[in-house]
Amino acid sequence: AGDSIILTKGIALEGTSILAREAPVSLLNSGVGQRTIDSAMDLLFSPGISVIKEASIACREVDVHAMHDPTEGGIATGLLEMAFAAELGLVVDSEKIMIFPECRIFCEHLGLDPLGLIASGALLAAVKPEDSKILIRALSREGIPAAEIGHFTARSEGIKLSTPDGLCDLPHYPRDEIARYLAG
């Protein structure tokens with residue numbers, strides 16, 4: 001409890017790229033431009049879905065207490081998995097979660113929530129609060145964007161999302177948003 005939660009790159013890199021490849025006609029028909037779709041297709045390769053570089057930097061620079069590559073179920077499921085594994089609660093600030101512009105556009109046009117969209121390529125790291133700025137600076141020097149998005153709390157405080165409208169439970173996605181969309 002008390003550890004800061006760091007997010008690298010942003011969300012939802014893989015889900016956005018998959019949607020660009022699997023649903024281009026739907027995206028075009030909903031008003032998304034071809035340039036945005038093309039840009040999203042490239043996300044798999046640039047910045048790419050590997051988290052090895054940022055994980056290595058984190059381990060070299062600070063004492064990392066936990067790391068997770070949030071995949072199926074998006075960042076929300078990744079955060080839930082970290083909290084459950086540690087037997088802790090958490091509070092995440094929705095305004096600090098970096099969302100790729102293409103992801104935001106696709107989700108708005110297709111009625112999806114970026115928090116539940118497969119998020120491979122991002123890395124979640126739990127570090128002491130005093131190490132968060134050190135890690136963020138080290139990642140930045142290597143061209144990897146990162147942000148402190150929240151912190152772990154006592155389990156009894158629950159798993160929460162802070163939004164401009166107040167504190168609520170972090171959404172739970174029994175099915176990844178991309179799977180829900182492609183099945184629908």
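The loop between α3 (34-41) and α4 is where P47 sits. The peptide bond from S46 to P47 is cis, with omega near 15°. Helices here are DSSP runs of H or I with at least four residues, strands are runs of E with at least two, and both are numbered from the N terminus.

What you are looking at is a predicted model, in which local features need pLDDT of at least 70, side-chain atom pairs count only at pLDDT 80 or more, and totals for chains, interfaces and linings use all residues. Residues are numbered from 1 along each chain as its sequence is written, and side-chain values use heavy atoms, with hydrogens and water left out.

A cis bond also links I11 to A12, with omega near -20°. A12 belongs to the loop between β1 and α1.

K9 is in the loop between β1 and α1 as well. K9 is not a glycine, yet its phi is positive, about 60°. Is K9 buried or exposed? K9 is buried, at a relative accessible area of 9%; buried means under 20%, exposed over 50%, and partly exposed in between, with a 1.4 Å probe and protein chains only. E87, in the loop between α5 (74-86) and β3 (89-93), has a positive phi too, near 55°, and is not a glycine either. E87 is exposed, with a relative accessible area of 53%.

Now the sheet. Seven strands form an open sheet in the order β2-β4-β1-β5-β3-β6-β7, and the pairing is mixed. Two strands pair if DSSP finds at least two bridges between them. At the edges are β2 (64-68) and β7 (166-169), each pairing on one side only. From one strand to the next, the twist averages 25°. β2 and strand β4 (residues 124-127) run antiparallel and are joined by four bridges. In that pair, A66 has A126 of β4 as its bridge partner.

Next, the helices on the sheet. α4 packs on it and touches β1 (4-8) and β2, its direction making about 170° with that of β2. α7 lies across β1, β4 and β5 (146-153), at about 15° to β1. Contact means heavy atoms within 4.5 Å. Axes are lines fitted to C-alpha atoms, for helices over the stretch in contact, and angles run from 0 to 180 degrees between N-to-C directions.

Then helix against helix. Two packed helices are described by the angle between their axes and the distance between the axes. Helix α4 (residues 52-61) and helix α7 (residues 129-141) pack at about 135°, with axes 10 Å apart. That makes α4 oblique to α7; under 35 degrees counts as roughly parallel, over 145 as roughly antiparallel, 65 to 115 as roughly perpendicular and the rest as oblique. On the α4 side the contact is made by E54, I57, A58 and E61, and on the α7 side by I134, L135, A138, L139 and R141. These residues divide into six nonpolar, no polar and three charged. Ala, Val, Leu, Ile, Met, Phe, Trp, Tyr, Cys and Pro count as nonpolar, Asp, Glu, Lys and Arg as charged, and the others, Gly among them, as polar.

The last pair is helix α1 (residues 13-22) and helix α6 (residues 101-110), whose axes come within 9 Å and cross at roughly 55°. α1 and α6 are therefore oblique to each other. T16, L19 and A20 of α1 meet E102, C103, F106 and L110 of α6. By class, this contact has five nonpolar, one polar and one charged residues.
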